[in-house]
Amino acid sequence: MFTWKEEYSVGIDSIDQQHKHLFEMGQSMSDLVSNHQDEDIYDELTAMFNELIDYTRYHFESEEQLMAQVNYEDIEDHKIQHHLFVEKLESYDLETIDEDQSAFALKLLKTIATWIFKHITGDDFKYRKVMKVLN
């Protein structure tokens, strides 16, 4: 579900490394759920979820700073997409995780995987040519 492929590269080393780390975080969460299906993983799952939100914010901020450096014309739309995704992550009620940890994790993982893939190959690919000057 979270396998990095070179075809996802946007051509900016720092951003590609951050994207790879997001994939790794998603895979770690997926492995946790797969390897502990009938166990209580609430603490580990919420810690990973919070770490994911923090890293996502860091990544978006880094990306937006680079966009500002090159005066990327669609920066405001891109920022909106970032904001909406963080808002979506923050809308998850961590109290409901404990009710059905596997179901929550699977829903979350699907949301993350779908969004990351679509965002990178859609929105992020739009800035590749403009931001190549940063490499």
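Helix H5 covers residues 101-123, 23 residues in total. Helices here are DSSP runs of H or I with at least four residues, numbered from the N terminus. The expected span is 1.5 Å times one less than the number of residues, so H5 should span 33 Å. Its end C-alpha atoms lie 31 Å apart, which agrees.

This is a predicted model: local features need pLDDT of at least 70, side-chain atom pairs count only at pLDDT 80 or more, and totals for chains, interfaces and linings use all residues. Residues are numbered from 1 along each chain as its sequence is written, and side-chain values use heavy atoms, with hydrogens and water left out.

Now look along H5. Its buried residues (under 20% relative accessible area, 1.4 Å probe, protein chains only) include Phe104, Leu108, Ile112, Trp115 and His119. An α-helix has 3.6 residues a turn, so residues three or four places apart point the same way. The buried residues of H5 pack against helices H1 (13-35), H2 (42-69), H3 (75-90) and H4 (94-97).

Next comes the core. A nonpolar core is a set of buried Ala, Val, Leu, Ile, Met, Phe, Trp, Tyr and Cys residues joined through side-chain atoms within 4.5 Å. The largest has 40 residues. Leu45, Leu89, Leu108, Ile112 and Tyr127 have the most contacts inside it. H1, H2, H3 and H5 each give two or more residues to this core. H5 provides the largest share, 9 residues.

Tyr127 touches (heavy atoms within 4.5 Å) Val10, His19 and Met67, among others.

Tyr8 sits in the segment before H1. Tyr8 is buried, at 8% relative accessible area. Its contacts include Phe117, Ile120 and Thr121.

Conventions. Buried means under 20% relative accessible area, exposed over 50%, partly exposed in between (1.4 Å probe, protein chains only).
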